[in-house]
Amino acid sequence: MIEKIQDSIGYFNDLWYLMLIFILIAAGLYFSLRTRFVQLSAIKETFRIMLGRDTKKTSGQEKGVSSFQAFAMSTASRVGTGNLAGVALAISLGGPGAVFWMWAIALIGAASGFVESTLAQVYKVRDGKHFRGGPAYYMEKALNARWLGIVFAILITFSFGFVFNSVQANTVSAAFQDMFSLDPLYMGIILAVLVVPTIFGGVQRIAKVSATIVPIMALAYIAIALFVMVMNFDAIPGVFASIVKSAFGFQEAAAGGIGAAVMNGIKRGLFSNEAGMGSAPNAAATAHVTHPVKQGLVQSFGVFVDTLLVCSATAFIILFSGVSTNGELDGIRLTQYALASQVGDWAHMFVGFAIFLFAFTSLIGNYYYGQSNIEFITKKKGWLLAYRLGVVGMVLFGSVAKITLVWNLADLFMGFMAFINLIVIMLLGKVAFGALKDYMRQRKLGEEPVFYADSVPGLKHAECWERNSNSGQN
């Protein structure tokens, strides 16, 4: 029965993603052209923002969520099992060419990430001493479509809080079962026990945990990958050639390999970097900044960190190892064995530890997305408690579920979310373009940009940015 459900979902996903791929590429190219490829042209400005201080003390003398903390919180959700297990799955199913299409969707998708996160800041709302927002909020405020916001809120809550968190638990349990023969259920219990105190601690605790763990784990993993690249320096041109050849080669076209490479590269790329999906804006809205564009730039850079750095690290480790064609290995096990072939058996332990940290931060980042959207739907605390218990339950379920079923469910709900959000941000793109124009005008004058609702002609329902309120600014 489970296998039939699994096959049905997989078949539907293959058909559904053909349409989604077109929309993803069209939206990414449109936003890239309208913003003059801001995701690349404003890299220097992005670093200035991330290294600066965009947080003030609130009236209660407590610091809000900074640009970097909001970036770390969204990266905590992005940088997870998709970077290790998802990339391995893409290569095993789509060949080296899948890596190229992961890069491509990241490069143009970062523009979609800029637009959605800028909109989240523009239409955020105050939540006590903090802020919250995201696609559900700008659907209600900008389109006057609360019903659509509720639909999206339900989708993201179910997707991230339940399905995606089961993916994280599934990958960790597989890695530790392979290393220590640890019963997957025990791993699920360990994760659940660790997650509970963090998710009950509120957004500030989530932001602080993410800002501490994410940079350390990402840098350590990238350092290992660079070491492997140095060891295989002579093989680098050949690996790049195989990636490009597999993405466009005539042999692959004749065998249907290009379709597999494109499909799996974009699926896993979207799962990993979440560009245009509508998830990162929920974290972006929490930041205390003087201008919405600051978070737009920071979050678009997060797409590059996820795909061009962390995902590429996994891809090169696997392709250097030569074990990618081993049909007996899938997901995280492929990454473990690939790294072990390069640096020794201790790699199994390192990957296990890395995936544990990646999964833990993803669990809490994913959890917050659901919380923010439940608070959009209802103010009743009972629903939030039920959601928290549901998250813990799905962590336990995911630890013992079949890997293919879990990933197929993730793809299904991810696709629906991305479809709705991409259509909406294309309708609202002019607001983000107007905010970007205002930001660049002030920077050319040598000023530190400050945003007000009337900075964009015709902008309504941006209460946090009214001139008689400094709630959205430093």
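Biologist: In which hand does α9 pass α17, left-handed or right-handed?

Modeller: A crossing is left-handed if the near helix is turned anticlockwise from the far one by less than a right angle, and right-handed if clockwise. Here α9 passes α17 in a right-handed crossing. This is a predicted model, where local features need pLDDT of at least 70, side-chain atom pairs count only at pLDDT 80 or more, and totals for chains, interfaces and linings use all residues. Residues are numbered from 1 along each chain as its sequence is written, and side-chain values use heavy atoms, without hydrogens and water.

Biologist: At roughly what angle do the axes of α9 and α17 cross?

Modeller: Axes are lines fitted to C-alpha atoms, for helices over the stretch in contact, and angles run from 0 to 180 degrees between N-to-C directions. Helix α9 (residues 184–199) and helix α17 (residues 346–377) cross at roughly 50 degrees, their axes coming within 10 Å. That makes α9 oblique to α17. Angles under 35 degrees count as roughly parallel, over 145 as roughly antiparallel, 65 to 115 as roughly perpendicular and the rest as oblique.

Biologist: How do α11 and α15 pack?

Modeller: Helix α11 (residues 236–248) meets helix α15 (residues 292–321) at about 105 degrees, with axes 10 Å apart. The two are therefore roughly perpendicular. Contact means heavy atoms within 4.5 Å. Ile 236, Val 239, Phe 240 and Ile 243 of α11 make it with Phe 316, Leu 319 and Phe 320 of α15.

Biologist: What does Val 115 contact, neighbours within four places in sequence aside?

Modeller: Its partners are Phe 31, Ile 425, Gly 429, Ala 432 and Phe 433.

Methods:
Helix = DSSP H or I, 4+ residues; strand = E, 2+ residues; numbered from the N terminus.
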